[in-house]
Structure formats: C-alpha cells, structure tokens
Amino acid sequence: MLRKMIMPTLGLDMESALIQQWLKAEGDTVAKDEPVVLVETDKATTEIVAPTDGVLKQILRRDGTTVPVTDTIAYIETAEAGDREPEAAPPLNGGTGASPHPGGPDSSTEKLAPSTPESEHSGLRASPAARHEARELGVDLSMVEGTGPGGRIQGNDVRGFSERMAPAPSATPTATPTHAESLAPMPMAPPLPTASVEGRLVPMSRKRRITAERMSLSARTVARLTMDMGVDATEMIRLRQRLQPAYEARGARLTHNDLLIKVVAVALVDHPYLNARWSDEGIVLLQQINIGMAVAVQDGLVVPVIHDAHRKRLDEVSAEASRLVARAREEKLSMEEITGGTFTITNLGMYGVESFTPIVNPPEAAILGVGAMADRPVGCDGEIVLRPTMTLSLSFDHRIVDGAPAAQFLQRVKKLLEEPYLLL
Amino acid sequence: MAETELTPRVVPADVLRDIYRRMLLIRSFEERAREMFQAGQLPRRGHLYAGQEAVAAATLAAINDDDYITSTHRGHGHAIGRGGDLLGAMAELAGKSAGFCRGKGGSMHVSDFDHAMLGAFPIVGASITMAVGGGLAARTLANGRISVAFFGDGASNQGTFHEALNLAAIWDLPVLFVCENNGYAIFTKQENVMRVKNVSDRAPAYGIPGVVVDGMDPLAVYEAVSQAAVRARTGHGPTLIEAMTYRWGGHSTGDPGTGYRSRDEMAEWKKRDPIPNFRAYLLESGATDEQTISQMESQVASQLEAAVSLTLSAPDPDRSEAFSGLFAPSYEPEATEPSGEPRRINTLQALNEAIAEEMERDPRLIMLGEDIGGIGGPFGVSKGLLDRFGPLRIIETPISENGFTAAAIGAALAGVPAIAEISYIDFATLALDPIVNVAAKAHYMSGGKQSVPVVIRTEGGGGSAADGPTHSQSLEAWFAHIPGLKVVMPSNPFDFKGLLKTAIREPNPVVFIEHKMLYRSKGEVPAGEYSIPFGKAALKRPGRDVTVVAWAAMVPQALAAAETLAKEGVELEVIDPRTLVPFDLETVAESVRRTGRLVVLQEAPVAASFGAEIARVVGEATFDWLEAPIKVVGTMVPLPASPVLEAFVLPGEQHLIDAVHGVLGL
C-alpha cells in the first residue's frame, strides 16, 4: 500500500523548507528511518528519513522547491498487502487531493507534542489483537506502523514487523551472518565477498532481536557524543555507610546505584534538555523524570524504569530499584515497568570497566555510563592521596542538546555525588 | 343461578377429624411462624393464612389427594393442608435446603410439589389461569383428576380471572375456582373495587355455577366443594365457589392489619374462629372424644416442634445451590444423520411436519392457539392438524393470550407437553406473566422438582410492508434476558423442523420465534426423522476478514452482503447461532479469533439487545484477538408501516456492508 511522506515540522517556528536534494530516486528501496531527502530550513540543512520500509514510488516535490510543512512530498509503497488500500495513482499536485492513506490526518495529529512521556504509549492506537501479538512477539508497538482505520496498528502489522525483523529463513546454518545481515530491512552496502568460515548459527531470541534493533536504531539516528568526568566518591560512600544500618533494620539495602538514580533524577530537574525526546516534529521536553536502569539478563538487556524518581525519597527509590532488578532477573517485568523511561543509567563498574561510551536508548536524549569505583591517586592540597573515585560517561544526542549544557549537567551530577547533603 | 342450593349430607366422622387435623396443622404452623418472623428467626416476612383455615382444610378434604391445586402468595395453608409437611414449609420459609423449594422460593412460593400442587403463584391472579392448565392436563391424560384454583377476592379483578373462567367454561374443564374472599385486596376493601356484591355474581357471565358459602364453616365449604367436584369430574365443567372468610393478621407479617380494619370487625370475625367452633362441634356430634382430640393436638404440637428445631438447626444451603437447577437436563438429540430423500419444502410445511410427527410420537402433546384449526393459524402453520389430531389436542382458543399461554404452561407443569401459539410476538406482551414468572422460574424455584415442557411458538419480525409498529417487532432479547428460558430463532426450513422437534422434546420452556418473511422460503428438508441440538451454531459461509453473526431473516441478508463484498475482495464469515439461548459462544469466538472482527446483524432495536449481549460475551472471550470494535447493526425506532419507510429502517444487506466497511476502515 502507499504511504505518504510529508515535509516534517522541524522546529516550532518552521513553516516551510527547501528541498535541497533527493538522496534516493524513484524506484529505490528505502528503509524506515533511512535518510531520503536533504532539506534546508532557515536554520540548518537536515536529512528527512523514510517513515516506513518500502520503495520510493513517486517524488512529488523535486529538488529546489520550497514546501510548506505537512505537505506530501513523496509516496512510499510498502510491502504490506495492499488489497484494502486503493491502488489509485496518487494525486500529482501533492497532498491537496484525497489522501490515499485513510488514517493520514488522524495519525499526524496524534504524533504532535506529547505532553508526557506516557502519552506516546497511551495515545498509540493499536487493536487488542496487535497489543496481544506485541506481547507475545516482544515487539515495541511504538516502532510499528499501523495500517488500520485511523492508523490503528493491527495484528498483521505486528506480525509483519516481527517477520521483517526475523533472520532470513534461507540463512545457511554454516554461515555466520553478520549483525547487519540479520536485520534485513536495514540499508546497507552490498556485502563484501567473504571467505567461507566455519561457525555455528545461534538463532536470535526475541529479546536479542529487540536489543539489536534498538541499538541499531540508536547507532543509525542518534548524533552521539560521549564525555567523561571523574567523581570523588568519598562522601557518597560515607553517606551510604551511615544510612545502611537503618536500611538493614528494615530488611532493605542501599546501593551506590540507588544514590546515582536519585542524584541523576534531581539533576535532571534543572537540565530539561537531557530529559527530552527526539521527534520528527520537534524536541519534546518531558514533564516526568523516569530513570531507566540497564540490567543485563540472560541473552540481552532490559531497562526497567523508576517513574518520577525525582519526587521519590531515597528509600523509595532504593526499594523500587531492588524490586525491579529482582523482577528483571526473574523475567517478570510488566509492560509498565519497562516503558516510559526518559533517561537511562548503565553501570559496568562491577566488571572493572573504567569508562565506556554508552549507546543512547532512543528516543531518549542521553544515557549515563558508570565506571568502576576504586581507590586512585589524586592530587589534594599539593599532595598525592588515595581517594575512591569513579568515572561517569555521559552519552547524549547532539541533535537535542549541545556540548556545554550537557557538560553542565554532568558537573551538577558530580557535585551532588561529592556533596550528597545537597540533596536535602 | 348465583347460589346453588346445597343438599346436606352425612359427613363421615373420620373426614370430620381429618378436616380438624388439617386446620390445626395450619393454625399451629402460622402462629408459630408469626412468632418466628417477629423474633427474627425467619427472614423478612410472610403472608399468613391464619383465620382462613376452614377453606383450605375442607376443600382439600373434599377432593382427592392427587387432584391438582394451585395457590397464591398466601399459600402456606394450601401446602400444609394438602400434605401436612410442616418441615417442608417451615424450612422453605427459613430458606433452607430441606424446604419444599430447596429454599429458593420462600414464603410466597411454598408449594408441596410431591402432592400434586402445581405451585404457589404470587403474581395475583396467576393461580386461576394455572389451574386451567391443570384441568387441561387432566382432560388430556384422562386421569379422572380435577384442578382447584385458590385465589382471593383481589385476584378476581385481574384479567386472568376473566380469561381463566371463560377458557374452563368453554372447554368444560374439571376445574374448581375457589375464591377465598377475606374482604380485602391487600389493604383495599372489596366493596370499594367491585360493583357487584359477590365475586360469585360474575359466574353467570361465563355460563357456570357460582356459589357463596360461609368460609368459616368447614362443613359448608366441604359440601360445596364436594358437589362441584362431582360436577367437574363428570364432565359438566367448572364451578366458582366463593368462601366468605377473614384473615386474622395483616396482609403480611409486616402489617398489623389494623390500619384499615376496625377492631369491632376483627373481633366479630374472631368469634367465628373455625377451630374452637369446629372442635366443639366434633365433641358435641360425637365424631370424636376429648381424649382422641387432645391426642391429635399434642401430636400436631410435637410435629411442629420437630419441624421448627430441624429447621433452625439445618445448615444454610451450599452456595453452589444458587447456580444449580436453572434448567432440567436438556433433551439431547441422537447424533444420527438425517435419513430419507431431501425434498424442497417451505418453512410452513417444515413446521407442520414437525408438529405432526411429534403429535404422533407423543400422544400427550397438545397445542393451543387462536385460529389454529381450520386455516391453521394466521400463517397456516397447523393447517390440517385439527382434522388429524382432533379438538382435544389441537385446541382453538379465544383471543386470550395470557389465559391460553398460562393454560399451556399449567398443563406442562402437570406433565403434559404443550405448544402455545402466540400469533404475533407483539401479543406476547399480554402473556409475559406466565412465561416470565412461572415457566422460566419453575424448575429453579421448585428446587428441581418441576419441569416445564412447553414451547411458546410465535411469529416475529418485520418486512411485510403492511404490519407496522405493533405487528413487526423483534423481542427476542426480552426472553433471552430471563434466566430459565431457551430462545430459538431458525433461519431455514431444515433448521425450523429440526429445532422445533428438539424444542418440543425439551423439558424446559422454549420461546420459538418464527420470522414472518421466512414462512414461504424454501429449502431442502430430509423426509426422515431428525432433530437438531440446541446451542450449535451453523457456519453459513466461511471467510477470513470479518465474522458476521446473524439469525432468522437476517441470515439471507448477511449471505447476500457476503456475496457483494466478495467482489471487493472482502470475505465475510457468516454464522447463524440458530438458538440464542443457549448461545454457541465457542463457534463464534473461534471465528473471531481468526478474523479479529465481528459485526452482528440483527433486526431488533440495538439498545440492550441480544446483539449487544453477543458483543459482550464475544468481546470478553476474544479481547486479545480483536482488530476493531465489535459492531451491532440495528435500529432504534419502531418499524413504520409505510413500505418505503420500513424498507429504509429495516436492517439488511446494505447496513451490513456499511458496517463491514467501517470495521475494515474502507
């Protein structure tokens, strides 16, 4: 069926943009989120990505034309069975005629300015069947295009999405498919001829596939920048030691991670661009602060979320984090517990990793990597002394936030960790 | 004619003692029950019979123990007077499983089913029509029994009184109408609501004898009932006996009875208390002696004590009781393939064959309805059956929908399978009490002791371009709403025949709705014997895109829509549930799990309709498979008579196509 591609609103004050150059020609295969056309606004030149997998069927607005926002600029023919979608030729004047996509107007209003991170999920139109299939197949519905009435996601949309994500059934068991090969619809250069190498094919689990999918999406779309900053953990350790007996008396346990979650959440209150989302229409500054914690589980990664972490007391954050980690390990997390994250913390310190460059969890703006805490020599009042330190690595989406404000956020986190009494 | 001269006769001493014993049982029970209601040992309240004992005791002594009786909300006296089972009555008042109705009936439904009591019918006036059913059963079975209706003066102002007396009179049924005139219809004085002086004054209007007797005098009652019973048993028809009596208490135990009755009036009546008076008479006449009568009295007292202590110590019913016994075990057709050459016949012929074959199979089966003889009813379903089975089985009725429907149900309660034909379902409005309050409840409320092998055959639906708003309705949801009724709505001659045969064999009440526009439609029907189980939907057309549930005249409409939509590449799966109760959820749910979409096409108004019910149950069963909201196609206006307006309003092919487009987003 045909899907229209529109000139997106790239900023709140943008009214139109100049089509600078089509990167694809009619008849080319395009993948969802693959850049298709370069457009120029009064502020910058931007790539516009394909809204769906398919073939660029018809370009309506050629290079050099200025197009108002939301006007249709091209049609993409998707692989979806088109039997319910009229095959009529799209109007040549572009977008003012009858919409070939019945849900067009509906779905575009829906996507506008989500006021809370939840709205992206709750406002998402999916049939009960699609939601059921998504649970069964481990598919994130927000990544699926709906083909039903009003853009409603239907069961076959989810199944189709899942199938496209699945490894090609023709893969030879002796070959080791590259990561890219397994993600069929991703754009890629023709594979280089590879020498035949013996190996064992490990079929991808749903979880592996989803992890791979999200990481690829991040790598493909996020303008990532990582910056490191050392933190003196002396006071943080002391605070934890002082509080621990009180926690243990209640049968609880306070971890450095709990403190990190609380500190990051409090710091985000004053740095809204780190607690934001990328959308085609613009940057959405989120009201809620929901901190995701990357937890390694069998064959993948899950990110349970502590909602409204900035409003919760430390003991509440701690109790919830420990419950979520336990549920993650038991693979019992509910949909609510893994959705709605606005910022993620990932800690590899326990493996001795000093610092690393985390991958942003789309559509979030940033992720904080936590390195190993250890006694290290530091200069103090002209002397070299041993102090417990660790390195924080902030990866962020440069499309959303620039270097200086990100650094200021990191400074704030450092300050709060080194003087945790400021939390009071 | 209003009063028949009574011929005094010698009543044997054992009968006199028997009458006294019956009165004593009732009085002791009612006095104890009053104390227990007041002490909170019995739930809520009851309608006590104390004061009126002479009527029940003498009537029941004058008839045979297997003669049918029907009673009212004030029925303790009739149940106890009949079988003397104090425990069954007391436990029923207490809501315990040892009660007559396993505790499901309570005070107003106390009925000794084991002793030919057809029930206590507390909707005032129903006991009169139900007794006509008993008389009809006695005539059909030729078992020599009579049927006695107990009712009050208040009931004689209900339409049922008129319909029942007329039916019994025109058919010379062996029925006694025993009116216990206690002077008050609840709180209203009888003389304020009747222009004639006596209820029995109305008897001549029906061409039957009417008698007034002193209801405080057991011998007077006994004499009148004995004569009327002989008259009834010998084929001379019914008698109306009005026994003037008085209730000691109020309408119920919640009413002291003093607000609308003077103390003088109450005192006057109490002087005429039949129990001490009749005791004195027994001693004076030498029918018994003090020792014998004291012995009887202490026996009754200890029997009552035993009933009370067993009742109070009995455990409450198991909660599973609440959900058991709605239906008697259903008739299960044998899974045999229909035999014989298929013939192409129409629905009228298919229905006619089903009734005739069942009449041949079961010689007890009767059918009642207006005009069902000569022309075979307004649509001709029973044409020729009167000649074949005679007027005792194909029973033409006056225009008395409530009366003959109740009579059919009463006959079914007495074990005679019956069909009542209500010409148009719109007229069932007049017959709802016996269908809803009696037939639907009987099996459950009798604790499983009664079953109701009755079929309410009726026509329903629009499309005739003539009948208009009150002869075109689709009221199936009303009946499907009532627990205890089965509802059948076939769509083709094969189903009409097979399902009607099953309906007739069912021990449960079945509302069998025949759509007027289907009577002349033809289909293949095998010549041989077959019947179709209830609760098995028919897949009329397989398809992958949208499930459509339609019944009766909507089935051909749905199939036509499927044909049209197939040209667009949309494949409908059309399912005809055939029976709405029981509903074949599994077949529909299985289909919806495949298609993800359901549209219900029904003729009935949509609000609170059976289509809405299907949406509810299928929605619950298939939520995780749904791709679109479930749609119910239907109207919300009466069907207008104008052919143009009716065609516009009546749901059909185009409405369904529009709805299917809607759920597919086309």
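**View 1. Polar contacts between chain A and chain B.** Eight residue pairs are in polar contact between chain A and chain B, both partners at pLDDT 80 or more. The model is predicted. On the side of chain A that touches chain B, two elements give two or more residues: α3 (128-137) and α4 (155-165) of chain A. α3(A) gives the most, with five residues. By residue class, this side of chain A divides into five nonpolar, five polar and four charged.

**View 2. The salt bridge across the interface.** The rule finds one salt bridge between chain A and chain B. Its partners are the side chains of A:R135 and B:D624. The N to O distance is 3.3 Å.

**View 3. Extent of the contact between chain A and chain B.** Chain A puts 14 residues into the contact, and chain B puts in 15 residues. Together the two chains bury about 1100 Å². Of this area, 46% lies on carbon and sulfur atoms.

**View 4. Buried residues of α3(A).** The helix spans residues 128-137 of chain A. Its buried residues are A:P128, A:A129, A:A130, A:H132, A:E133 and A:A134. What covers these buried residues includes α4 of chain A. α4 of chain A, residues 155-165, is also among the elements that give two or more residues to the side touching chain B.

**View 5. The residue just after α3(A).** A:G138 comes just after the helix. Its phi is positive, at about 70°.

Definitions and conventions. Residues are numbered from 1 along each chain as its sequence is written. Chains are lettered from A and ligands numbered from 1 in the order in which they are written. Side-chain values use heavy atoms; hydrogens and water are left out. Contact means heavy atoms within 4.5 Å. Buried area is the accessible area (1.4 Å probe) that two parts lose on being put together, summed over both. A salt bridge is a side-chain nitrogen of Lys or Arg within 4 Å of a carboxyl oxygen of Asp or Glu. A polar contact is a pair of N or O atoms within 3.5 Å; within protein, one must be able to donate a hydrogen and the other to accept it, and residues adjacent in sequence count only if both atoms are side-chain atoms. Helices (H or I, at least four residues) and strands (E, at least two) are DSSP runs, numbered from the N terminus. Ala, Val, Leu, Ile, Met, Phe, Trp, Tyr, Cys and Pro count as nonpolar, Asp, Glu, Lys and Arg as charged, and the others, Gly among them, as polar. Buried means under 20% relative accessible area, exposed over 50%, partly exposed in between (1.4 Å probe, protein chains only).
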